[in-house]
Amino acid sequence: MDYEAYRADSRRRWEAAARGWEDRREAVRRAAAPVAQWLVDAAQIEPGATVVEVACGLGDVGLLAAERVGAGGRVILTDGAPPMVEAAERAIAASGLAHVEAQAMEAEWLDLDAATVDGIVSRWGYMLVADPEAALREARRVLRPGGRIALAAWASQDQNPWIGVLQEQLVARGLASVPAPGTPGMFALADHAHLADLLGAAGFMDVRIEPVPFVWEAPDADAWWEHMRTTSISLGEAVAGLRPADHYALRDAVDAGYAPYTQPDGSLRLPACALGATAEA
Ligand SMILES: C[S@@+](CC[C@H](N)C(=O)[O-])C[C@H]1O[C@@H](n2cnc3c(N)ncnc32)[C@H](O)[C@@H]1O
């Protein structure tokens, strides 16, 4: 893999996705709240602590941690895509919390001094970085000894039909490809043993990994499609160039795939499963 080309392309795509994520912020915050809660609990964040959120997006997890650390603590939201950082700044302003700040920072190169941080939280970031072991080493470098990291990746695609159904259709139609093994992607850290090995190789101890299930809900199939079109980079790119007939065919196939999760009133309840990992520096 060409690491530099991947980093530049990934940053460009996330910069472009920031607006859609901000539009859908409340829906993501609400549905994924169990994962945010798991992370803040697993990181054992205490009042007065300094906490960094890596690959923060809009900062949902860090803002939850900010409630835990209180006004005597400090929370730094970091993301590699400047438009995400700007959106996180707007979220901070809306929260009214004075002890939270946002900074543009790559997960592989945290612009922070060694051993200055009590806890690191990160939801759905580490599986996207070019070199996750390097990023985890960097996390360990900035954590003080005894500090904890808590991160969420995604469990396997078959445990995540909310995106698996869509991904299968995109791949079947040649509109998306499955990342090669060992390269970044949504499910790159779905294997417990691999994730545990990476954390161990980065020098972490007391590694614990467990599934964190939750449910995406949508009032109907149209609302869910719109949500996914707005937040999923691969779907957004795939449908942008589609002829109307192909667009309709894709929609029909995806809706059929979601049938087992469609309720009698037409609403959707789509199972999702994150993989939560926590370890001590
Ligand atoms: C799937 S989103 C998750 C956002 C947020 N953590 C959440 O759970 O709502 C992935 C985020 O990771 C960021 N990201 C991707 N690669 C990164 C990297 N190498 N360094 C820092 N941030 C990165 C993206 O800009 C994006 O905001």
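**Figure 1. Right-handed crossing of helices α6 and α8.** In this predicted model, helix α6 passes helix α8 in a right-handed crossing. Helix α6 spans residues 132-142 and helix α8 residues 192-201; their axes come within 8 Å and cross at roughly 50°. The two helices are therefore oblique to each other, since an angle counts as roughly parallel under 35 degrees and as roughly perpendicular from 65 to 115. On the α6 side, the contact is made by Pro132, Glu133 and Leu136. Helix α8 contributes Leu198, Leu199 and Ala201. By class, the residues of this contact divide into 5 nonpolar, no polar and 1 charged.

**Figure 2. Buried residues of helix α6 and their cover.** The buried residues of α6 are Pro132, Ala135, Leu136, Glu138, Ala139, Arg140 and Val142. Among the elements that cover them are strands β1 (50-53), β4 (117-123) and β5, together with helix α8. Pro132 and Leu136 belong to the buried set and also take part in the contact with α8.

**Figure 3. Packing of helices α3 and α4.** Helix α3 (residues 33-42) packs with helix α4 (residues 60-69) at an angle of about 50°, and their axes are 9 Å apart. Helices α3 and α4 are therefore oblique to each other. Their crossing is right-handed. From α3, the contact involves Ala36, Gln37, Leu39 and Val40. From α4, Asp60, Val61, Leu64, Ala65 and Arg68 take part. The contact of α3 with α4 holds 6 nonpolar, 1 polar and 2 charged residues.

**Figure 4. The largest nonpolar core.** This core has 74 residues. Leu39, Ala65, Ala88, Ala153 and Leu275 are those with the most contacts inside it. Strand β5, residues 143-154, gives the most to the core, with 7 residues. In soluble globular proteins, nonpolar side chains tend to be buried together.

**Figure 5. Surroundings of Ala88.** Ala88 is one of the residues with the most contacts inside the largest nonpolar core. Leaving aside residues up to four places away in sequence, Ala88 touches Cys56, Leu58, Gly59, Leu77, Asp79 and Ala102.

Note on methods:
Residues numbered from 1 in each chain as written. Predicted model: local features only at pLDDT ≥ 70, side-chain atom pairs only at ≥ 80, totals over all residues. Core = buried A, V, L, I, M, F, W, Y, C linked by C-beta atoms within 7 Å. Buried ≥ 20, exposed ≤ 12 C-beta atoms within 10 Å, placed from the backbone. Helix = DSSP H or I, 4+ residues; strand = E, 2+ residues; numbered from the N terminus. Contact = placed C-beta atoms within 7 Å. Axes fitted to C-alpha atoms, helices over the stretch in contact; angles between N-to-C directions. Parallel < 35°, antiparallel > 145°, perpendicular 65-115°, else oblique. Left-handed = near helix turned anticlockwise from the far one by under 90°. Nonpolar A, V, L, I, M, F, W, Y, C, P; charged D, E, K, R; others polar.
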